[in-house]
Amino acid sequence: MDLYSGHINKLIEELSALPGIGSKSAQRMAFYLINLPKERVQRFTNTILNAKENVRYCKKCFTLTDQDLCPICSNPKRDQNTIMVVESTRDLAAYEKTGKYEGVYHVLHGAISPMIGIGPNDIKLKELMQRLQEDIEEVIIATNSSLEGETTAMYISKLIKPTGIKVTRIASGVPVGGDLEYIDEVTLLRALEGRTEI
Ligand code: ZN
């Protein structure tokens, strides 16, 4: 890295801090950016800043959106009485890609993990319980099949059980420890269709 000037090193360092970007890709990206016309770089940085400033959580399901309510929550054609609970907006996107799920979502933004000190209050669980005051028929728990995902699923099911609302868990056709977003659509659909009451 000493080959390059301080500015380039700094840029490579920032880029390699992005998820999934190794130092080689970071170098390639850095040189690409430096060679772009200034206006392009300006447009790119503005896009990042605008996204950062305008993207917020949907008031209902807590997915990332730039409206008060996300397009799914505000769509009258979606079944607002069925809530699928997922860990992240990326998981929501994975299920949306199947095009077969007609209910709405609730994004927890994490999973319970006593090992790293993430408790029920650190995810959007209170917010989920508040939504259950409405007329909800089913809560489908689609957290990952990792230890954290399973712990979270059990915890949520215990919380919801006393309300009498039906709680289901997606089938474990999903590989253990598998991140939902990397699983193909057919497997996701099978997991959804094969969900069982817990
Ligand atoms: Zn929403």
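Modeller: Two strands pair if DSSP finds at least two bridges between them; strands (E, at least two residues) and helices (H or I, at least four) are DSSP runs, numbered from the N terminus. This is a predicted model, in which local features need pLDDT of at least 70 and side-chain atom pairs count only at pLDDT 80 or more, while totals for chains, interfaces and linings use all residues. Residues are numbered from 1 along each chain as its sequence is written, and side-chain values use heavy atoms, with hydrogens and water left out.

The protein has 7 helices and 7 strands, in the sequence pattern α-α-α-β-β-β-α-β-α-β-α-β-α-β. Strand β5 (residues 138-141) is paired with strand β6 (residues 166-169) in the parallel sense, over 4 bridges; here Ile141 has Arg169 in β6 as its bridge partner. Arg169 also has a bridge partner in β7, Thr196. That contact belongs to the antiparallel pairing of β6 with strand β7 (residues 196-197), made over 2 bridges.

These strands belong to an open sheet of 5 strands with mixed pairing, in the order β4-β3-β5-β6-β7. The edges are taken by β4 (103-107) and β7, each with a single partner strand, so one side of each has no neighbour in the sheet. Strand β3 (residues 79-86) runs parallel to β4, to which 5 bridges join it, and Val86 has Val107 in β4 as its bridge partner.

Helix α4 packs on the sheet and touches β3 and β4, its direction making about 160 degrees with that of β4. Contact means heavy atoms within 4.5 Å; axes are lines fitted to C-alpha atoms, for helices over the stretch in contact, and angles run from 0 to 180 degrees between N-to-C directions. Helix α6 also packs on the sheet, touching β3, β5 and β6; the direction of α6 makes about 170 degrees with that of β6.

On the α4 side the residues in contact are Ala94, Tyr95, Lys97 and Thr98, which meet Glu185, Leu188, Leu189, Ala191 and Leu192 of α7.
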